[in-house]
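Me: I'd like to learn how to read a model like this one, feature by feature. Can you walk me through it?

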Amino acid sequence: MPKIKQNIVFLASFSIVLVLIAVGAFLPEKLDAWSARLHAAIIRDFGWTYLLSAFLFLVFSLYMAFSKFGRIKLGNDHEKPRFSYFAWFSMLFAAGMGIGLIFWGVAEPMSHYLNPPAYIEKSSPEAARFAMRYSFFHWGVHPWAIYIVMSLSIAYFSFRRGMPPLISSCFFPLLGERIHGPIGYFIDILAVFATVFGIVTSLGLGALQINSGLASILPFEAGFTSTLVIIAVVTVLFMISSMTGLDRGIKLLSTANVMLAITILLFMFLVGPSTTIMNVLLNTFADYTASLFTMSLSTNPFRGLEWTQNWTLFYWAWWISWSPFVGLFVASISRGRTIREFVTGCLLVPTLLTFVWFSVFGGSAFHLELQQGAHIAATVAEDVSTGLFKLYSFYPLSSVLTLLTVLLLVVFFVTSADSATFVLGMMTSGGQQDPPAAKKIIWGLTVSVTAAILLFTGGLEGLQRMAIAAALPFTGIMLLLCLCLLRGVRYELRHEQDNDARRDIGE
Amino acid sequence: MLQRAAVKVSLTEPKKKFLDMLAFMRNFGTNEVHLVHVRTKTNYREREKAETALEELGTEINQLGMAVDFSIRNGYAPGVMTEVAGTVQADYLALYWKPKALLRHALLGSIDSDILRMSNMPVFMYNPKLFRPVVELESVLYATDFQFTDAVVMPYLKSSRFKARTLYLLHVGERAPDPDTEARRRERALTNLERLAEECAHAYDQVEVIETLGLVRNEIVRQAKAKKVDLIVAGKSDKPNTMSRLVGSTAEVLPHRAHCSVFIIPNVCGLPRHEDTPDQAKGEADHA
């Protein structure tokens, strides 16, 4: 392939990113106003599309796992998985959920408890039950179904069919050679766009949380300078991790981090109100499974539509815009697994860990809020990033817990940013499995510098809204991905495996 | 092979165009027709009137050099048609295709569609053109999927009684999931088409192969229109998939969409009688 053609996605996406960053840096109010208008229009008019699509993705994932296609391997027939189960689950969790879960583990149940939809009384037992159920829902099987559609398609078309690991490659059954033309470029550029802005906002918001965590235990005042230092440190760390390669850097950090997370989780469970936590876990799990179908398709047009728009639809759009990055990363670590193993692994293990996490942290927060009047909900209402640290203040060794959580945040950040630079490098170098270091450095620096600039100018939320706006075309792309994948696996079973069987019996 | 036809006649068809259909059928080597007129209820007077009309029609058909017989039956047309065709040992069923408006078709259904769906013998649907009478068979398009239908349809196409100048062999494929497999699939499809073309070469002045991608029913219609063919020949599977059961198989949809006549040969027809095999036909031709 000619060099210019190979770099067309890089050049185009880098230019668009620079333009939007410049707008965010020099005209933050304008970016804020434009993106708010665009975001509001999309959520208002197309919100139902997200809800329906996420449900369809879940149904599709289950169908792929439990139909005859489930036995197809994401790789050659006799290939073995590259990573052990523990390493695989750790990386899945780190890339897909880790950082958000720490941010929202306490904050989300408390926010729903304090501000439920209009038809539920605020700060009531019903609000608490609703808060836990919807926290499970927003972080449950649906986000993973979204990721699965993306990663399964990429894994199938790249590892099974030998195509470059790009989202555009998955469209071969539909577009043929046109994937190497403008349509293919558009798909890949959109993926880069969503990934860059997703990781920038994630890095910016995460830096704020690390900052407030450190400020609560160390004698300094959280400000822009300290946030800048945090971003710089995180950048150096993830660049080092990125240069060591996927196998060593991310794997090591992810497994270490999941072990650290489980340690904190166990501590909170054993020291905290264990019985309440177990009650919350079982009750919410029952509520969640019983009302999964209803929640999946409820836009609540006659009551609480605004709440659904602000939370559920926002989340779905966010998961979709986040999916190119997570999808590509998850695909790259899942080579050698069967479709059934892949889907059940992705749907069950991280989800169950998420449920336990919410039950431990949310349940503990509710226990303190209801039994001791701890005002955690009020703290969350003031500043979402401080909810977890407020909870720690009621526990022994709270400084150690805060420090460990900050460490956890930093490492999750490093793994997310590391995998993001790897994925961006891959997407902008024609799907090379080992993207050039120069591209990884360019993307890494772009992401960090942008996060710093936008934190300074206040354009971060605007950029997040732009990432969510990109989710709309991506929803369409993902629905088409389902069709392409279905065509691919059907073709394989209909034309290739029949031939193999005939060859085997000597016909 | 296609000497004897059971022809559905409602007596509302324009006579000229109906006779054009019978003239067209001579291209298949048809020389015997059994007209079947089916009514839901018939009184004595109506029956007499129908008999007179059929006799008159028969006389005109005789002038085309065909032997004619007819029967008038009461009942549900699709069921009666298939039953009579079997009783008179017809080689195929012929229908004068009258397209129905979408709404009418959706509400009332179509007798011709039901015949096509129910029949286990070949069904020919004549599409009368509005301005140009179609009597000669210049070109035929056969849509093949290289599956079992080839074994059933090819003997008809290879028969020297089947008179057409040009044969188009069309394969509408499904794009493979990756470029390498796609290249191999294409190559295989073209090899198969060339093989079929070679088998039929003796019976036509020109045999052309077309390999394309897309939705089968759309592509058949598109290619038939592009090549201006007079007849589409297609096989019909006896094991339709779920989608076909819901929206109709390609064979069932073709007459509605095609701009020319359509010949559907069901899979269950099996191979033609021994004396009708191409070698036999070739022998007959040599003898003549």
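Me: How much of chain B is buried?

Reply: A residue is called buried if 20 or more other C-beta atoms lie within 10 Å of its own, exposed if 12 or fewer, and partly exposed in between, with C-beta atoms placed from the backbone. Of the 288 residues in chain B, 38% are buried. Bear in mind that this is a predicted model, where local features need pLDDT of at least 70, side-chain atom pairs count only at pLDDT 80 or more, and totals for chains, interfaces and linings use all residues. Residues are numbered from 1 along each chain as its sequence is written, and chains are lettered from A and ligands numbered from 1 in the order in which they are written.

Me: How many residues of chain A are in contact with chain B?

Reply: Contact means that the C-beta atoms of two residues, placed from the backbone, lie within 7 Å. By that test, ten residues of chain A touch seven of chain B. On the chain A side, α7(A) (172–175) and α20(A) (471–504) are the elements that give two or more residues, and α20(A) gives the most, three.

Me: And where do the two domains of chain B lie?

Reply: Domain bounds come from an automatic or database domain assignment. Here domain 1 of chain B covers 4–126 and domain 2 covers 139–287. Between them, 16 residues of domain 1 are in contact with 15 of domain 2. β5(B) makes the largest share of the domain 1 side, with four residues.

Me: What does the largest nonpolar core look like, and which residues have the most contacts inside it?

Reply: In soluble globular proteins, nonpolar side chains tend to be buried together. A nonpolar core is a set of buried Ala, Val, Leu, Ile, Met, Phe, Trp, Tyr and Cys residues joined through C-beta atoms within 7 Å. The largest has 171 residues, and A:A145 and A:V149 have the most contacts inside it. Helix α13(A), residues 305–333, gives the most to this core: 18 residues. Another core, apart from that one, has 74 residues, including B:M1 and B:W97.

Me: Which loop holds A:L397, and what is its phi near?

Reply: Most residues other than glycine have a negative phi, and most peptide bonds are trans. A:L397, not a glycine, has a positive phi near 55°. It sits in the loop between α16(A) (387–392) and α17(A), and counts as exposed because it has 12 C-beta neighbours inside 10 Å. B:K228 also isn't a glycine, yet its phi is positive, about 55°. B:K228 is in the loop between α8(B) (216–227) and β9(B) (231–236).
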